[in-house]
Amino acid sequence: QRQMCIRDRIMSYHRYTFDNYSPKRNPLRSIIDIASAIKVVGGRRVADLGITFAQWIVLIRIGSKVGSTAAELCRAIEYDSGSMTRMLDRLEKAGLIYRERSSEDRRVVNLHLTKEGQDLYPRLTPVAISNHNQSLKGFTSDEVETLMGFLDRIVANLKIAE
């Protein structure tokens, strides 16, 4: 009885219901599949830079100031702190980043590109551009803007659910 009541409520105000949901074809499945494909294609594109795609993500975020602490990077790319620490250790050992404890908050460690990391950084952006151009081949500028609007709404809806 209670389960039917919940099911009826879900069906009354949501786009997908028990009757029309398909695990094989739906927007979120497509987003997940797109993310997986980007990792594969991006991995091929960064291989000759001597880094992995996961390292590329971290380096481009640090270099563009989108993520300047391990905590920010963990949240942004969904790494647990142990995995992120190991990733940062490898990048530090490779001479691409360095850590610096914040003078305002000793608990915070800021991340920076080394000289070698800064020299590599200009070679990271073309990978992003190439991934975008490959992914959005055949789209008009207006379609890309519309898609961005849709994706922004999905992100906003999910942030509300957090």
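Okay, so let's start with Arg 99, which is partly exposed, with a relative accessible area of 28%. Keep in mind that this is a predicted model. Who does Arg 99 pair up with? That would be Asp 89: the two form a salt bridge, and their closest N and O atoms are 3.0 Å apart. This one links distant parts of the chain, since Arg 99 sits in strand β1, residues 97–101, while Asp 89 belongs to helix α5, residues 81–93, 10 residues away. Asp 89 also counts as partly exposed, at 36% relative accessibility.

How many salt bridges does the structure hold? Five. Another one of them is between Asp 33 and Arg 29, with 3.3 Å between the closest N and O atoms. Those two are four residues apart in helix α2, residues 27–46, so about one helical turn separates them. Asp 33 is partly exposed at 38%, and Arg 29 is partly exposed at 37%.

Then take Arg 107 and Asp 105, whose side chains meet in a salt bridge at 2.9 Å, N to O. Arg 107 is exposed, with a relative accessible area of 72%, whereas Asp 105 is partly exposed, at 23%.

Now for the aromatics. There's one aromatic pair in the structure. The ring centres of Phe 53 and Trp 56 are 5.0 Å apart and the planes meet at 15°, so we call the pair stacked. Both residues are in helix α3, residues 53–63, three residues apart, so about one helical turn lies between them. Are they buried or exposed? Phe 53 is buried, and Trp 56 is too.

Notes:
Residues numbered from 1 in each chain as written. Predicted model: local features only at pLDDT ≥ 70, side-chain atom pairs only at ≥ 80, totals over all residues. Heavy atoms only, no water. Phe/Tyr/Trp six-rings, centres within 6.5 Å; stacked < 30°, edge-to-face > 60°. Buried < 20%, exposed > 50% of the residue type's maximum accessible area, 1.4 Å probe, protein only. Salt bridge = Lys/Arg side-chain N within 4 Å of Asp/Glu carboxyl O.
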